[in-house]
Amino acid sequence: MVRRVRRSRRVDVRLVVGLVLVAASVLGVWVLVGGLDRSVRVYAARDTLAAGSKLERADLDLVETVLGDRAARYLSADAPLEAGAVLTRTVGPGELVPSDAVADADATDSAAVVVASRGALPAAVEPGAVVDVWAADAVERGFAPPAVLVPGAEVASVSPPDGPAADGPLVELRLDRERLPLLLEALASGDAIDLVPARAAG
């Protein structure tokens, strides 16, 4: 009787190590791609949104982007917009809306008022710009020397003149509520009001 000799099969260690390395590489790529694909949905301004303006869905674009740990800094599109929410600072077109730039209207310290300019406005007076409001008291024969009545008011919007008799565009301003009575009194008294671009700090 002829006995068959069984040959022992030896496992190639190099082959096993190679397979382990390939598997680890594939797993690493999968984890990396999965981490990079963790995009979030946030809101971005469609056009310039001035400080004090009410936040409306129609004024926002939904953007999917990867923000990582910064996601909490921006307004999430996964939660409904709160009624009465307003912006506390101007947000430029295409800019992601910061969470800390959104507040309840009752919690803000600013107010809005429309001022009719006395003629053409400087080119720098546009939504988002900061202006100083100068006023000259109306006196018996003209006006008294002008002085700054409201420093650092922000331009919310600029509209065409209201009717053919108007001298210049209508400018909606956002200003501190403490200054509002002074400006309203000047407007009611017929004082001369001019808007001058504020100097940049520095």
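Read from the N terminus, the protein chain has the element order α-β-β-β-β-β-β-β-β-β-β-α-β. The model is predicted. In total, the secondary structure amounts to two helices and eleven strands.

**Chain as a whole**

- The protein chain has 202 residues, and 28% of them are buried.
- The accessible surface of the protein chain is about 14000 Å². Carbon and sulfur atoms account for 55% of that surface.
- Of the contacts in the protein chain between residues at least 6 apart in sequence, 63% link residues at least 24 apart.

- Trp134 lies in strand S6, which covers residues 130-136.
- The relative accessible area of Trp134 is 31%, so Trp134 is classed as partly exposed.
- Together with Val148 and Val196, Trp134 makes a nonpolar surface patch of about 220 Å².
- Why can Trp134 belong to a patch? Patch residues need over 30% relative accessible area, and Trp134 has 31%.

- Val63 belongs to strand S2, made up of residues 60-65.
- Is Val63 buried or partly exposed? Val63 is partly exposed because its relative accessibility is 26%, and buried would require under 20%.
- Leaving aside residues up to four places away in sequence, Val63 touches Val40, Arg41, Val42, Ala44 and Leu96.
- Tyr43 is 20 residues from Val63 along the chain, and the C-alpha atoms of these two residues are 6.0 Å apart.

How values were computed
Residues are numbered from 1 along each chain as its sequence is written. This is a predicted model: local features need pLDDT of at least 70, side-chain atom pairs count only at pLDDT 80 or more; totals for chains, interfaces and linings use all residues. Side-chain values use heavy atoms; hydrogens and water are left out. Helices (H or I, at least four residues) and strands (E, at least two) are DSSP runs, numbered from the N terminus. Buried means under 20% relative accessible area, exposed over 50%, partly exposed in between (1.4 Å probe, protein chains only). Contact means heavy atoms within 4.5 Å. Accessible areas come from the Shrake-Rupley method with a 1.4 Å probe; for residues, only the protein chains shown count as cover. Patches are made of residues with over 30% relative accessible area and no salt bridge: like charges are joined within 9 Å, nonpolar side chains (Val, Leu, Ile, Met, Phe, Trp, Tyr) within 5 Å. A salt bridge is a side-chain nitrogen of Lys or Arg within 4 Å of a carboxyl oxygen of Asp or Glu.
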